[in-house]
Amino acid sequence: MRLTQQVLQLSLCCALLAAAWVLPAVAQAAQPAVAYPAKPIRLIVPFPPGGGNDIVGRTIVEKLGERLGQQVVCDNRGGASTIIAADMVAHAPADGYTLMLGPNTTLAVIPSLKSGLPYDPVKDFEPISLVASSTYLLVVHPGSPFNSLKDLIAAAKARPGQINYASPGSGTSNHLASEMLKQMAGINLTHVPYKGTGPAVTDLLGGHVPVMFASLASVRPHVQANRLRGLAVSTAKRNPALPEMPTIAEAGVPGYHSNSWSGLIAPRGTPQTIVARLNAEIVTIIQQGDARPRLAAQGFDLESSTPKEFAAHIKSELGRYGKLIRAAGIQAD
């Protein structure tokens, strides 16, 4: 009888010990997941302040913060033709708290220009949504002798390689737009790369460089104030924000067309629930409220997509730009 009681007491002790281990785990598992977002979100813009992507990025930061009820911070990380920023985001924790406004420079142009990149545009990111596309404006310093695109082309043919043009960096879509013009117009201009649109426009305003392709949003105020002279827009159709400005095709280079686009991306492995939430918010921001008319007035065309559609767009643009770069023999500086 005493042995039986001892066995029962031992069994009870073991059961209590087991419960002591199991109950906390059960309680922890029963706790609800922390709602997203629970802390501030960082949106990386891969250019310095002042350019078109920065304008879009700051609008998205403001509106996304309102929608999510959490602070969203714009973090400008310019340099190395957006590679620095892309590398940061590709290797950031995949938790939804580091995002990037990824331009076509990062996702479709640079991969066709440079080997050994520290990121893969398809494998290292979760596409969330396309956000905006924009027109480039070919602008010159008002003190230059170029009053039209034909003036610029004639001067470039008379003085091959002696006229400089600025870009936000080697391999950017602005750079590519300029190289397309060189190829299609049969002219030779010398590339001067900067670390973003802002610094390039500053030097253009100062007369240190005579010409560049810049996003319409970044230079339209300067054109309207006669601090810069616009020659033509890069798209196939005129832009409603500057309707009097001819297209490059109209101004003397038939068939020319170029623009830029950007979209929201996150590190690969970001939970699909977070991707879906961010996509829904971006779609709402673009379709409702004042973001669309506000940015349209500056030359942007806002457009959303599903993550799957944006992924397909990236792959398609990789192929298109790759073919163009190879055909034109364009190389990064």
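Biologist: Let's start with the largest pocket: how many residues line it, and which of them lie nearest its centre?

Modeller: Before we dig in, keep in mind that this is a predicted model. Here's the general idea: rolling a probe the size of a water molecule over the atoms shows where empty space is left. In this case, 14 residues line the largest pocket, and Thr135, Asn239, Pro240, Gly299 and Asp301 are the ones nearest its centre. The space in that pocket comes to about 250 Å³.

Biologist: Which strands supply at least two residues each to the lining of that pocket?

Modeller: Those are S4 and strand S10 (300-302). S4 gives the most, with three residues.

Biologist: And what is the lining of the largest pocket like by class?

Modeller: Count it up and you get three nonpolar, eight polar and three charged residues.

Biologist: Okay, on to cavities. How many of 30 Å³ or more turn up in the whole structure?

Modeller: A cavity is a space where the probe fits but cannot get out, whereas a pocket is open. The search of the whole structure turns up three cavities of 30 Å³ or more. The largest cavity holds about 170 Å³ of space.

Biologist: Which residues lie nearest the centre of the largest cavity?

Modeller: Look for Gly52, Asn53, Tyr136, Ser215 and Ser260, which are part of a lining of 21 residues. At least two lining residues come from each of helix H2 (52-68), helix H4 (104-113), strand S4 (125-140), helix H6 (173-185) and strand S9 (259-267). S4 gives the most here, with four residues. By class, the cavity lining has eight nonpolar and 13 polar residues, and no charged ones.

Biologist: Now the helices. At what angle do H4 and H12 pack, and how far apart are their axes?

Modeller: To read a helix pair, picture a line through each helix, then look at the angle and the distance between the two lines. For H4 and helix H12 (residues 307-328), the angle is about 40° and the axes are 8 Å apart. That angle makes H4 oblique to H12. The crossing of H4 past H12 is right-handed.

Biologist: Which residues meet there?

Modeller: From H4 you have Asn104, Leu107, Ala108, Val109, Pro111, Ser112 and Leu113, and from H12 they meet Phe310, Ile314, Glu317, Leu318, Tyr321, Gly322 and Ile325. By class, the contact of H4 with H12 has 10 nonpolar, three polar and one charged residues.

Biologist: What about H6 and H12: at what angle do their axes cross?

Modeller: The H6 and H12 axes cross at roughly 45° and come within 11 Å. So H6 is oblique to H12, and their crossing is left-handed. Leu176, Met180 and Gln183 of H6 make the contact with Tyr321, Leu324, Ile325 and Ala328 of H12. That contact has six nonpolar residues, one polar and no charged ones.

Biologist: One last pair. Is the crossing of H2 and H10 left-handed or right-handed?

Modeller: H2 and H10 make a right-handed crossing. The axes of H2 and helix H10 (residues 272-287) cross at roughly 115° and come within 10 Å. Ile60, Lys63, Leu64, Arg67 and Leu68 of H2 make the contact with Arg277, Leu278, Glu281, Ile282, Thr284 and Ile285 of H10. By class, the H2 contact with H10 has six nonpolar, one polar and four charged residues.

Key:
Residues are numbered from 1 along each chain as its sequence is written. This is a predicted model: local features need pLDDT of at least 70, side-chain atom pairs count only at pLDDT 80 or more; totals for chains, interfaces and linings use all residues. Side-chain values use heavy atoms; hydrogens and water are left out. On a 1 Å grid over the protein atoms alone, a cavity is a set of points where a 1.4 Å probe fits but cannot get out, and a pocket is an open set with protein on both sides within 12 Å along at least five of seven lines; lining residues have an atom within 4 Å of a point. Grid points are joined across faces, edges and corners, and a volume is the space filled by probe spheres set on the points. Ala, Val, Leu, Ile, Met, Phe, Trp, Tyr, Cys and Pro count as nonpolar, Asp, Glu, Lys and Arg as charged, and the others, Gly among them, as polar. Axes are lines fitted to C-alpha atoms, for helices over the stretch in contact, and angles run from 0 to 180 degrees between N-to-C directions. Angles under 35 degrees count as roughly parallel, over 145 as roughly antiparallel, 65 to 115 as roughly perpendicular and the rest as oblique. A crossing is left-handed if the near helix is turned anticlockwise from the far one by less than a right angle, and right-handed if clockwise. Contact means heavy atoms within 4.5 Å.
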